[in-house]
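Here's a quick briefing on a single-chain model, with the cut-offs spelled out along the way. Have a look at the sequence and structure first.

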Amino acid sequence: MKKTILALAAAGALAAPAFGAGDIFQFAAETSDLENTQSVSQLYERLDMAVMEYCADLVDEPQLDACHTQVLDAVVAQFNSADLMARHERATGASDNVELAARDDGV
């Protein structure tokens with residue numbers, strides 16, 4: 001079964017020209033892409049590259065990182081997959097639940 005994910009680029013947070021119909025990010029994935037750790041990782045890599053290409057066509061260099069981050073965050077969230085979200089958090093270092101580890105310096 002195919003699932004198509006659509007996300008409007010950055011919801012107006014970018015200083016890009018007004019978005020037209022051709023500016024909608026589209027990405028197709030199979031439900032099997034979420035079956036195991038390896039398939040989730042492969043899906044994430046494909047998604048990451050597709051978002052980067054999309055943003056490179058949409059915005060100029062100074063806005064590229066912001067576009068990539070915002071669109072990737074939005075699209076990953078639309079999958080509603082804990083495994084994909086965890087993979088995204090590992091890749092970006094982002095997490096809503098930050099835990100600080102105690103450090104013993106021997107002092």
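What percentage of the 107 residues in the chain do buried residues make up? The figure is 30%, where buried means under 20% relative accessible area, exposed means over 50% and partly exposed is in between (1.4 Å probe, protein chains only). A heads-up: this is a predicted model, in which local features need pLDDT of at least 70 and side-chain atom pairs count only at pLDDT 80 or more, while totals for chains, interfaces and linings use all residues. Residues are numbered from 1 along each chain as its sequence is written, and side-chain values use heavy atoms, with hydrogens and water left out.

**Overall layout**

- The chain has 3 helices and 2 strands, which are DSSP runs numbered from the N terminus (helices: H or I, at least four residues; strands: E, at least two).
- Going along the sequence, the pattern reads β-β-α-α-α.
- Take the contacts (heavy atoms within 4.5 Å) between residues at least 6 apart in sequence: 57% of them join residues at least 24 apart.
- The accessible surface of the chain is about 7100 Å², and 50% of that belongs to carbon and sulfur atoms; the areas come from the Shrake-Rupley method with a 1.4 Å probe, and for residues only the protein chains shown count as cover.

**Asp33 in its loop**

- Asp33 sits in the loop between strand S2 (24–30) and helix H1 (37–58).
- With a relative accessible area of 12%, Asp33 is buried.
- A polar atom of the Asp33 side chain lies 2.9 Å from the backbone nitrogen of Glu30.
- Leaving aside residues up to four places away in sequence, Asp33 touches Ser39, Val40, Leu43 and Arg46.

**Aromatic rings**

- There are 2 aromatic pairs in the structure; rings of Phe, Tyr and Trp (its six-membered ring) pair if their centres lie within 6.5 Å, and planes under 30 degrees apart count as stacked, over 60 as edge-to-face and the rest as tilted.
- Phe25 and Phe27 are stacked, because their ring centres are 6.3 Å apart and their planes are at 10°.
- Both of these residues, Phe25 and Phe27, are buried.
- Phe25 and Tyr54 have ring centres 5.3 Å apart and planes at 65°, so that pair is edge-to-face.
- This pair links distant parts of the chain, with Phe25 in strand S2 and Tyr54 in helix H1, 29 residues apart.
- Phe25 and Tyr54 are both buried, and Phe25, Phe27 and Tyr54 form one aromatic cluster.

**The disulfide**

- Searching the whole structure turns up 1 disulfide, defined as a pair of cysteine sulfur atoms within 2.5 Å.
- The partners are Cys55 and Cys67, whose sulfur atoms are 2.1 Å apart.
- The link of Cys55 and Cys67 is left-handed, with -75° about the S-S bond.
- Distant parts of the chain are linked here: Cys55 is in helix H1 and Cys67 in helix H2, 12 residues apart.
- Cys55 and Cys67 are both buried.

**Helix H2**

- Helix H2 (residues 61–79) has 19 residues and should span 27 Å at 1.5 Å a residue; its end C-alpha atoms are 28 Å apart, which agrees. The expected span is 1.5 Å times one less than the number of residues.
- The buried residues of H2 include Leu64, Cys67, His68, Val71, Leu72, Val75, Val76 and Phe79.
- After H2 comes Asn80, with a positive phi near 55°.

Conventions. A polar contact is a pair of N or O atoms within 3.5 Å; within protein, one must be able to donate a hydrogen and the other to accept it, and residues adjacent in sequence count only if both atoms are side-chain atoms.
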